[in-house]
Amino acid sequence: MSEIGLFETIHSARAIRHFRPDPVPHELLTKVLKAAIQAPSAGNRQDWLFVVVTDHAQRRRIADIYRRASAWVREVYLGNRRPTHMTDEQYRKFWAGGVYLHEHMGDAPVLLLPCLRVAPRVLPESIPAQVRVEMESTARWVAGASIYPAVQNIILACRALGLGTVLTTNHVILEAEVKRTLELPQDVRTFGLMPIGFTDDKFGAVKRRPLGEVVLHDRFGNPWRS
Ligand SMILES: Cc1cc2nc3c(=O)[nH]c(=O)nc-3n(C[C@H](O)[C@H](O)[C@H](O)COP(=O)(O)O)c2cc1C
């Protein structure tokens with residue numbers, strides 16, 4: 001298996017939702033996990049935990065939670081419109097893939113849950129009340145910034161090694177059940193549920209909105225010109 005270059009990896013790391021049942025060799029998973037922990041985190045705290053679920057019964061339990069949580073998310077999506085940058089066909093495929101995974105999460109030979117310990121920060125008395133309020137509310141808002149860079153490393157490492165994966169988050173609606181199943185301590189929160197495995201799907205190039213629509217140069221209204 002030959003690994004591919006960084007930019008090809010980035011441009012072709014499509015969401016993969018169909019998995020072959022073949023087990024993923026332990027060394028490959030270790031390589032993916034080593035890539036994960038090279039990521040940055042706030043204050044270099046590395047308060048992360050990565051739960052790798054390969055046991056068949058555990059996978060089925062987690063998949064059942066994902067399936068039930070996804071039924072609620074599906075109701076929300078049914079009320080949403082297709083994003084204008086996607087064609088009907090692209091949206092149909094996205095939807096079909098998502099719904100397939102709702103029922104088949106447990107088919108992936110590996111389920112990886114990136115987690116963080118999220119103990120509340122004790123702020124010093126010297127901080128003014130208004131600033132404390134801002135610090136406390138924004139802390140929750142940016143908490144994921146200390147785990148999602150690791151998630152992206154996982155996505156890219158999987159792609160480079162020929163493994164499929166996708167970041168999913170529907171399970172958080174029923175996170176208490178997930179935590180009970182995995183016997184996770186109170187202060188650990190799960191930020192994703194990533195099926196990993198070999199796939200018969202094609203990686204292909206991801207399709208994204210053009211730079212000119214999403215990048216601003218110096219100020220709002222002045223699009224980036226490539
Ligand atoms: C924060 C986040 C949450 C996501 N949650 C789910 C999910 O619950 N289920 C799912 O099938 N895909 C989920 N995805 C995957 C997105 O649908 C996918 O990244 C997007 O459609 C682009 O797919 P592509 O890379 O194949 O173009 C999530 C992605 C992100 C970044």
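**Figure 1. Asp-218 in the segment after helix 8.** Asp-218 lies in the segment that follows helix 8 (211-214) of this predicted model. Its phi is near 70 degrees, a positive value in a residue other than glycine. Most residues other than glycine have a negative phi. Asp-218 is exposed, because 7 other C-beta atoms lie within 10 Å.

**Figure 2. Glu-183 in the loop between helix 7 and strand 4.** The loop that holds Glu-183 runs between helix 7 and strand 4 (188-190). Phi of Glu-183 is near 55 degrees, a positive value for a residue other than glycine. With 7 other C-beta atoms within 10 Å, Glu-183 is exposed.

**Figure 3. The contact of helix 3 with helix 7.** The axes of helix 3 and helix 7 (residues 175-182) come within 10 Å and cross at roughly 175 degrees. Helix 3 is therefore roughly antiparallel to helix 7. On the helix 3 side the contact is made by Gln-58, Arg-61, Ile-62 and Ile-65, and on the helix 7 side by Glu-177, Val-178 and Thr-181. By class, the contact has three nonpolar, two polar and two charged residues.

**Figure 4. The largest nonpolar core.** This core has 38 residues, and those with the most contacts inside it are Ile-62, Leu-111, Ile-154, Cys-158 and Ile-196. Two or more residues each come from helix 2 (26-36), helix 3 (56-78), strand 2 (110-117), helix 6 (148-160) and strand 5 (194-197). Helix 6 gives the most, with seven residues. In soluble globular proteins, nonpolar side chains tend to be buried together.

**Figure 5. The surroundings of Leu-111.** Leu-111 is one of the residues with the most contacts inside the largest nonpolar core. Leaving aside residues up to four places away in sequence, Leu-111 touches Val-53, Arg-59, Ile-62, Leu-193 and Pro-195. Among these partners, Ile-62 also belongs to the group with the most contacts inside the core, and Ile-62 takes part in the contact of helix 3 with helix 7.

**Figure 6. Glu-136 in helix 5.** Glu-136 has its place in helix 5 (residues 129-142). Glu-136 counts as exposed because it has 12 C-beta neighbours inside 10 Å. The C-alpha atoms of Glu-136 and Pro-120 are separated by 8.7 Å, and the two residues are 16 residues apart along the chain.

**Figure 7. The shell around the ligand.** The residues around the ligand are Arg-14, Ala-15, Arg-17, Phe-94, Gly-98, Leu-101, Val-166, Leu-167, Thr-168, Thr-169, Asn-170 and Val-206. Six residues of this shell are nonpolar, four are polar and two are charged.

Methods:
Residues numbered from 1 in each chain as written. Predicted model: local features only at pLDDT ≥ 70, side-chain atom pairs only at ≥ 80, totals over all residues. Core = buried A, V, L, I, M, F, W, Y, C linked by C-beta atoms within 7 Å. Buried ≥ 20, exposed ≤ 12 C-beta atoms within 10 Å, placed from the backbone. Helix = DSSP H or I, 4+ residues; strand = E, 2+ residues; numbered from the N terminus. Contact = placed C-beta atoms within 7 Å. Near = placed C-beta within 6 Å. Nonpolar A, V, L, I, M, F, W, Y, C, P; charged D, E, K, R; others polar. Axes fitted to C-alpha atoms, helices over the stretch in contact; angles between N-to-C directions. Parallel < 35°, antiparallel > 145°, perpendicular 65-115°, else oblique.
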